Amino acid sequence: KCPHLDLIPVIDSTNQYLLDRVGQLPSGSVCLAEYQEAGRGRRGRQWVSPFGSNLYLSIYWRLEAGMAAAMGLSLVVGVAIAETLQKLGADDVRVKWPNDIYSQDKKLAGILVEMTGQAGDAAHLVIGMGLNINMPLTEQSEITQAWTTLSQACDNLPSRNILAATLISHLNQTLCDYEHQGLVGFVERWNKIDNFLNRPVKLLIGERTIEGTARGIDAQGALLLETDTGITPYIGGEISLRGC
Ligand code: ATP
Ligand code: BTN
């Protein structure tokens, strides 16, 4: 069956739209919206999603290898998005572990991977991306950390149609590659565009804060942090990375 392309002007969340339709839509189906009333990030945080030519895009992907194989997916998707934006003319596009795209040390896009499925069965993944293209200025106060837009990162901004089509096509290709080869081949590409490589950072793990120097990711997609005691890999959804 041919994947759907559902364009919805106003929606709660494009991720929720696809999660609600798992089992009804073919793998590769996409939902795009102009405005999200309840756009979300990790751990229930809000993704500010006003009208104004941003991109709110989600893709449904059925991963035959199951949930365990989905680890590392936001890293792979990050590489695909960052490289695509660079090819389309954006300056200094980088990745921040585990799920953000940065430009000029500010957040340009966020990725949210959500999934359903049962152990031993295929995983149903919904991969969502929020990309700031032209943000109405009044949104500044609603976002708690430094952010930027593609129009600031690009001298010749491509049309939103070109952006959406190119991103969907590269995401499809990247997800196919990931199904066949896992993280192999992506680790080097990720480390090449790591926003925090060799920079002082802190990791927020629940109530704990650990300071050190970021040393990229390992073959499992774990963040490598160097402290006085050596280099330690950190993995898992409850960890946040911050620059110092
Ligand atoms: P983590 O490192 O844990 O992922 P994070 O602060 O990046 O931390 P996320 O859940 O990934 O948190 O993303 C949500 C955060 O992104 C919000 O708390 C807000 O600070 C920021 N944010 C929300 N909307 C936007 C937007 N349109 N553009 C840039 N940043 C945004
Ligand atoms: C993050 O930085 O935590 C991820 C933000 C992901 C936002 C996108 S916008 C399209 C899709 N729908 C959502 O509700 N969230 C993602």
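Helices (H or I, at least four residues) and strands (E, at least two) are DSSP runs, numbered from the N terminus. The expected span of a helix is 1.5 Å times one less than its number of residues.

This is a predicted model, in which local features need pLDDT of at least 70, side-chain atom pairs count only at pLDDT 80 or more, and totals for chains, interfaces and linings use all residues. Residues are numbered from 1 along each chain as its sequence is written, and chains are lettered from A and ligands numbered from 1 in the order in which they are written.

**View 1. Helix 2, residues 73-87.** At 1.5 Å a residue, its 15 residues should span 21 Å, and the end C-alpha atoms agree, lying 21 Å apart. Just after helix 2, Gly89 has a positive phi of about 110°.

**View 2. Burial of helix 2.** A residue is buried if 20 or more other C-beta atoms, placed from the backbone, lie within 10 Å of its own. Eleven of the 15 residues are buried, so the rest of the structure largely encloses helix 2. Among them are Leu73, Val76, Gly78, Ile81 and Leu85.

**View 3. The shell around ligand 1.** Ligand 1 has 18 residues around it (C-beta atom, placed from the backbone, within 6 Å). Gly41, Arg42, Val48, Trp147 and Ser240 are the closest. Strand 6 (106-117) and strand 12 (239-243) each supply at least two shell residues.

**View 4. The shell around ligand 2.** Helix 1 (14-19), strand 3 (55-63), strand 6 and strand 7 (123-131) give two or more residues each.

Definitions and conventions
A residue is buried if 20 or more other C-beta atoms lie within 10 Å of its own, exposed if 12 or fewer, and partly exposed in between; C-beta atoms are placed from the backbone.
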